[in-house]
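Good morning, and thank you for coming.

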Amino acid sequence: MPSPSPSQSALGKVPELTLLFWIIKIVATTLGETAGDAVTMSMDLGYLVGTAIFLAIFIVAVTAQIRASQFHAPLFWFVVVATTTAGTTLADFFDRSLGIGYAGGATLLALLLAGSLWWWSRALGSVSIKRIASRPAEVFYWMTIMFSQTLGTALGDWFADPEKGLGLGYQGSALVFAAGLAVIAALYFWTRVSRTALFWSAFILTRPLGAAVGDFLDKPVVNGGLAMSRYAASACLALFIIACIVLVRQRAERIESD
């Protein structure tokens with residue numbers, strides 16, 4: 001039997017899409033919400049300062065990720081968490097500090113996300129994670145993830161907020177986004193809808209789900225939350241992610257040959 005060519009057997013620098021991937025992704029987005037709120041609200045640093053801090057962490061982390069020669073699960077998930085925390089504070093800055101509201105912030109971020117995917121497809125011909133085999137592709141990938149995480153925060157807040165949003169509450173919003181993910185899973189298993197389109201749809205929807213769950217954990221009881229300490233909630237979520245990474249080996253996604 002002939003051995004596979006390098007292009008056929010090449011491994012990427014993102015994890016294989018398994019159930020564990022999606023579990024960690026949802027927990028990471030929840031951590032982004034609680035950790036972002038811990039810095040901006042509990043520490044009272046504000047959205048602009050919080051955004052500056054987390055964007056700086058993201059730039060350092062993503063630079064290390066792009067320069068890495070192979071997949072490293074701890075580094076990959078650290079960058080994801082950095083995008084969720086930065087996305088939390090950035091979305092709050094757009095929605096609240098700039099005064100454009102949830103609808104305005106979500107619309108702006110949706111346009112940025114669509115523009116990122118369009119530019120990526122136009123430049124490299126595919127937005128599939130199975131084609132992330134170059135530095136330009138990695139840059140587009142992480143830029144798209146940052147926009148999707150920020151959009152997800154805005155959507156989660158918009159659906160949940162009883163005063164300025166749709167008023168579904170944290171639990172109601174979580175159920176709506178969980179139902180959306182269930183529909184995507186059904187389409188994956190029982191239809192031939194583009195796997196790339198389904199991936200990005202699921203990736204985007206996990207963020208508002210995490211935002212709603214994170215707010216449910218740390219917001220006051222009078223607002224429909226559990227009033228947990230943001231520091232304690234963030235620590236528990238971080239420990240869960242670390243345990244998943246340490247106890248279960250994640251394989252890198254294989255790169256498709258042309």
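Predicted model: local features only at pLDDT ≥ 70, side-chain atom pairs only at ≥ 80, totals over all residues.

Both Glu33 and Arg207 are buried, where buried means under 20% relative accessible area, exposed over 50% and partly exposed in between, with a 1.4 Å probe and protein chains only. Residues are numbered from 1 along each chain as its sequence is written, and side-chain values use heavy atoms, leaving out hydrogens and water.

Glu33 and Arg207 form a salt bridge, with their closest N and O atoms 3.3 Å apart; the term denotes a side-chain nitrogen of Lys or Arg within 4 Å of a carboxyl oxygen of Asp or Glu. Glu33 lies in helix α2 (residues 19-42) and Arg207 in helix α8 (residues 195-218), 174 residues apart. Helices (H or I, at least four residues) and strands (E, at least two) are DSSP runs, numbered from the N terminus.

Helix α2 also holds Asp37, whose partner Lys219 sits 182 residues away in the loop between α8 and α9 (230-247). Shared partners join Asp37, Asp215, Asp218, Lys219 and Arg230 into one salt-bridge network.

What is the N to O distance between Glu138 and Lys13? Their salt bridge has a value of 2.9 Å, linking helix α6 (residues 135-160) to strand β1 (residues 11-15). Glu138 is buried at 7% relative accessible area, and Lys13 is buried at 12%.

In total, the structure holds nine salt bridges.
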